[in-house]
Amino acid sequence: MSEQIKISIQHLYKIFGDDPEMALEHVKNGVGKTELLAEYGHVLGLQDINVDMVAGEITVIMGLSGSGKSTLIRHLNRLIDPTSGQVLVDGDDVISYDEESLRRLRRQQMSMVFQKFALLPHRTVVENAAMPLVVRGEDKESAVQEGSKWLERVGLQGNDHQHPHQLSGGMQQRVGIARALTSNSDIMLMDEAFSALDPLIRTDMQDLLLELQQELHKTIVFITHDLDEALKLADHLVILKDGYTVQQGEPQEILLHPNDPYIVDFISDINRARVLRVRSIMEPKTEAIEGPVAGDIDGNDNLESVIAASEGDTSLNYRVVSRGEQIGVLHMQDLVKALVPTSAAEGGVRGKV
Amino acid sequence: MATYDFIFDGLGLRGWCGEKTGGTMGMEELLARNSGETRSLWELPFPSLDNLHDACPAIAQTRGLTSGLESGFLGIKDALKVVVDPITQPLSWFLSGALSIFQTVPWFVMIPILLGIVYIASKSTRLVGMVASFILFLAFIDHYDYAMQTLAIIFVCSLICVLLGVPIGIAMSRSDGLQRGVIPVLDMLQTLPPFVYLIPLIFLFSVTEPKLYGIAIILYAIVPVIRLTDLGIRLVDTDVIEAADAYGMTDRQKLYGVQIPLALPNIMAGVNQTIMMSLAMVVIASLVSAPGLGVLVLRGIRNLELGVGLISGLGIVLLAIILDRVTKAALARVNTAQQ
């Protein structure tokens with residue numbers, strides 16, 4: 001599959017305050033976030049963000065509150081205008097768009113799912129789902145039909161004529177997703193879409209999203225503050241802190257090679273056996289293996305399932321296959337070592353406790 | 001000898017002040033002179049225009065301020081009338097039209113129409129029954145015509161209030177500058193005693209013209225609908241507005257598809273207040289020839305006819321209950337449709 005860049009964010013800065021241009025100069029000269037606020041009264045929202053998002057993949061932007069992740073996603077459809085920088089969508093600079101082309105972008109190319117659902121309370125569920133098409137000026141009847149189709153796809157049959165307030169949170173967010181899908185845009189922006197839901201429903205919704213993605217191959221930009229969620233969904237993970245990118249890359253890579261104490265702190269708590277996959281810790285090797293082989297496992301299996309299969313025996317070796325071909329060998333000893341987290345950073349938040 | 005003579009003498013302004021005319025002497029001054037007492041410090045009068053005038057005739061008296069205002073108004077009156085008269089003329093037509101329609105349609109047609117409107121607005125047969133009993137009671141005690149005149153005036157004035165007030169409210173919700181400018185005007189309209197606007201209006205228009213009381217009622221009653229439209233639109237959930245933007249709604253789509261529908265409960269509450277305030281004003285407006293139950297109230301006061309006053313007051317209460325319940329029932333229906 002060719003890696004076609006769908007969205008490219010380049011040197012994006014956002015400064016909140018009365019005179020962002022002046023503050024931008026200071027930031028480029030190396031003034032930090034706290035200093036900028038204390039001395040110049042400006043808030044540094046985003047600082048030199050560079051992210052490429054590949055078409056058909058899920059890019060997860062993760063950070064704690066105040067890290068600028070919601071600000072960043074709103075730059076993609078220009079709900080917020082940047083102080084400086086470029087956002088290229090299919091090679092076109094969105095920042096230079098006039099009102100008309102911006103509206104076209106929002107109507108045709110990008111849809112958005114919100115943390116608080118943001119459904120229209122006075123419209124029925126199906127009218128909400130059909131909203132993007134009605135906004136474009138399409139015929140109401142066919143729009144409603146399309147909306148109804150997607151509602152069914154996200155598992156909401158028979159609620160078409162209820163109002164949003166009659167549904168539970170999880171169901172409302174399904175409507176929010178159906179609305180985004182009805183717009184039939186290539187890009188879906190999801191702003192903490194599952195954060196307001198309770199844990200079981202959240203897991204359901206994550207599974208639903210992955211299942212839909214298998215079939216639809218949208219370019220999804222997903223914002224979250226939850227690392228487990230980020231690792232589950234991400235093809236590409238971007239970690240933000242105080243408005244700058246701490247690290248970005250493949251989630252497995254970040255997990256095994258964190259480059260910042262902040263990230264070490266972050267990942268020290270997660271269940272590594274569930275998140276890490278065989279292909280990240282195997283020894284890549286295509287020639288035949290000498291010695292006994294306990295069996296074949298898939299490169300995308302997580303370690304938990306391998307541990308279950310081995311019944312805890314650490315002396316075994318497994319052949320790792322992908323699409324019927326051997327791609328490597330997994331030594332159970334390596335697996336056990338990989339389960340030990342990189343020790344919590346001394347300078348990090350946890351180091352102090 | 002006036003109290004503040006010393007200031008002008010001390011500053012050497014006596015010449016500028018001019019000679020005191022003997023003039024008429026106030027009663028107080030006369031008393032003071034007769035008793036021969038000099039004033040103690042306790043009685044030092046505030047250096048107001050009138051007191052300074054006593055000491056120095058070149059300073060105007062306070063009377064000059066009010067009479068100056070009056071002559072100023074009279075001066076621009078003709079010019080103002082040329083502009084305002086044609087603009088407000090349609091109001092006279094609407095009011096006379098509505099009055100003659102409400103009065104010429106026979107009662108056995110009018111009452112069912114009104115009850116039909118009540119039913120459409122409230123979808124409640126109980127409320128229709130209540131309204132029917134009130135109107136029949138008023139008709140039975142021969143207050144039907146008066147009540148219809150009052151209703152006609154309220155109908156026209158409230159309608160115009162809504163037609164003007166909602167767009168003003170929407171404009172205010174979109175511009176903070178406009179909001180800052182309009183709110184003091186609304187505060188003034190709401191607190192200025194209603195009799196006060198009647199005075200300049202009487203100068204501008206003839207007392208026989210219906211628009212005279214029409215304008216007074218509209219100025220008084222338009223305030224809540226403007227305020228609550230502005231408030232209602234500003235209170236619309238910002239998340240929903242963001243969603244509307246994110247899906248590329250135009251301003252117009254956002255206004256009609258999101259903001260107005262979501263602000264509707266507040267706007268309706270404003271309409272309810274506007275109707276109640278026009279009912280209050282229609283009584284006062286009877287001072288300037290507004291027909292209706294207010295005329296009877298006025299007669300009750302003027303001739304001390306206790307019974308007439310009380311019964312017509314009761315009639316106004318009944319109308320108020322009808323208008324309030326019907327608009328609130330309509331509001332409740334809007335609310336349940338949305339929540």
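Hi everyone! Let me start with one definition: a residue counts as buried if 20 or more other C-beta atoms lie within 10 Å of its own, as exposed if 12 or fewer do, and as partly exposed in between. Please keep in mind that what we are looking at is a predicted model.

Where does Asp145(B) fall: buried, exposed or partly exposed? Asp145(B) has 16 other C-beta atoms within 10 Å, so it is partly exposed. You can find Asp145(B) in helix 8 of chain B, which covers residues 144-174. Now look for Leu293(B): along the chain, Asp145(B) and Leu293(B) are 148 residues apart, yet their C-alpha atoms are separated by 8.8 Å.

Over to chain A, and to Glu141(A). This residue sits in helix 6 of chain A, residues 140-153.

Finally, let's see how the two chains meet. Here, 16 residues of chain B are in contact with 17 residues of chain A. Which elements of chain B give two or more residues to the side that touches chain A? They are helix 12 (238-246), helix 13 (251-284) and helix 15 (306-338). Helix 12 of chain B gives the most, with 6 residues. And what is that side of chain B made of, by class? There are 9 nonpolar residues, 4 polar ones and 3 charged ones.

Conventions:
Residues are numbered from 1 along each chain as its sequence is written. Chains are lettered from A and ligands numbered from 1 in the order in which they are written. This is a predicted model: local features need pLDDT of at least 70, side-chain atom pairs count only at pLDDT 80 or more; totals for chains, interfaces and linings use all residues. Two residues are in contact if their C-beta atoms, placed from the backbone, lie within 7 Å. Helices (H or I, at least four residues) and strands (E, at least two) are DSSP runs, numbered from the N terminus. Ala, Val, Leu, Ile, Met, Phe, Trp, Tyr, Cys and Pro count as nonpolar, Asp, Glu, Lys and Arg as charged, and the others, Gly among them, as polar.
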